[in-house]
Amino acid sequence: MARKMLIDSEIEEGTNFDFDLFVIGAGSGGVRAARFSASFGAKVGVCELPFHPISSETIGGVGGTCVIRGCVPKKILVYGSSFGSDIEDARNYGWELSEKVDFNWKKLLEKKTNEINRLNGIYKRMLSNAGVKLFEGEGKIVGPNEVEVTQLDGTKLSYSAKHILIATGSRAQVPNIPGQELGITSDEALSLEEFPKRAVILGGGYIAVEFASIWQGMGSTVSLVFRKELPLRGFDDEMRAVVARNLEARGVILHPRTNLTQLIKTDDGIKVITDHGEELVADVVLFATGRAPNTKRLNLEAVGVELDNTGAIKVDEYSRTNIPSIWAVGDVTNRFNLTPVALMEGTCFAKTVFGSQPSKPDYSNIPYAVFSIPPLSVVGLSEEQAIEQANGDLLVFTSSFNPMRNTISGRQEKTVMKLVVDAETDKVLGASMCGPDAPEIMQGIAVALKCGATKAQFDSTVGIHPSAAEEFVTMRSVTRRIAVGGKPLTN
């Protein structure tokens, strides 16, 4: 209640506003904050750019990156790609299939587009049903309590608001190299008119690894170029090596410790030059080299909202900027850039400002996944992070096995699981898995870690048999013990 009173006391008494809350950006975080704030009785307005699958500074769409050009369409393509290897595996399960199985990219693309159009409509209805007023157009801040919306016809509307929330997300970045205009980002990759038979992907993060799996699974020849020794910097090194092995085993050509220096248009496609002097030829070059916060066109400098050196909005632990009436959630703050985190931040904002429940987002034990084929999923600390933070010895438990399904299909691809445990307290600090259904399994493991589960509690849990998941409760033998100040396993 003290926090709620503090927020109200900073607004001059007797001031009338058009809205209690105006949200700029109707992606995951913005929609969640708007709906929950309205449920607490707030009068809420939200603006969003007009819909299009490929974003720019002037087009976007209700639902935001995740729904329109991110997690959802990407996962649809992952499903589509997975059927290729499933069909191969089916032959050893007795399915008599013709040798040639055709893949129709345009058909999948049409189905994907229909689905994101459906979801865009659902998000609009959710706002309407919550009593939130939606404006289609570009929003910017013109004062601590005033926003301006430029509509599609150029008309400018001005509204006052007791609180303003910025939830404009982020956009894909393109490296500054000669021929950069020949490359594409993940936006375009999700809407290509023609399927690429040859693809070069620059980057080693989520998006790069996922598109490598997608295109390879659909029949493309894929070269993955990245600067480090292994892809997925920041993940557990042991699991990064597993992902790299799986990519190679499925046919992705890896180019570690490599960067691109130039793209050249030729009659045969795009010639790609690396910093080692290699020449690759591709139909498509995907830049998966990071994202930047969408803050350039918000007019933040006019009211003095502070940004960091990446252009992200600086906020406190309650998502409040240095201007008391202006707040920000999601990727535009560059804290923990995941859709469920933006949802959490939007929920906490609404509770804090309108629900008399001061709430700070909790960034501990957030589970996440890389939808490679097979996927990687983790929660808690990696082995490297645990060593860095440890005050005592660590115990590492691992299990590597051929999934039951592969024993019949003949596919040589091991599932790897890992638990990192505090030796003194027996608390499980981190869990990782690379293998089929890893994200589905890890969601349950995340609940256990959030509750502070110990290794003994894992061991006392009865497993589901036969399943891969039961390995997490049957890992009895310590793989290695790491003393304080020790070093992690090197791959």
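The radius of gyration used here is taken over C-alpha atoms, and the globule rule is 2.2 Å times the number of residues to the power 0.38. For the 491 residues of the protein, that rule puts a compact globule near 23 Å, and the value of 24 Å found for the protein agrees. The structure is a predicted model, in which local features need pLDDT of at least 70 and side-chain atom pairs count only at pLDDT 80 or more, while totals for chains, interfaces and linings use all residues. Residues are numbered from 1 along each chain as its sequence is written, and side-chain values use heavy atoms, with hydrogens and water left out.

Along the principal axes, the C-alpha atoms fill a box of roughly 75 × 65 × 45 Å. The protein has 13 helices and 21 strands, counted as DSSP runs (helices H or I, at least four residues; strands E, at least two) and numbered from the N terminus. Of the contacts (heavy atoms within 4.5 Å) with a separation of 6 or more, 63% join residues 24 or more positions apart.

No disulfides are counted, a disulfide being a pair of cysteine sulfur atoms within 2.5 Å. The closest cysteine sulfur to that of Cys434 belongs to Cys71 and is 19 Å away, too far for a bond. Cys434 is buried, at 0% relative accessible area, whereas Cys71 is partly exposed at 34%.

Some backbone details also deserve a look. Most residues other than glycine have a negative phi, and most peptide bonds are trans. The bond from Ile373 to Pro374 is cis, with omega near -5°, and Pro374 sits in the loop between β16 (368-370) and β17 (376-380). A cis bond, with omega near -5°, also links His465 to Pro466, in the loop between α13 (455-459) and β21 (480-482) where Pro466 is found. Asp426, not a glycine, has a positive phi of about 70° and lies in the loop between β19 and β20.

Terms used:
Buried means under 20% relative accessible area, exposed over 50%, partly exposed in between (1.4 Å probe, protein chains only).
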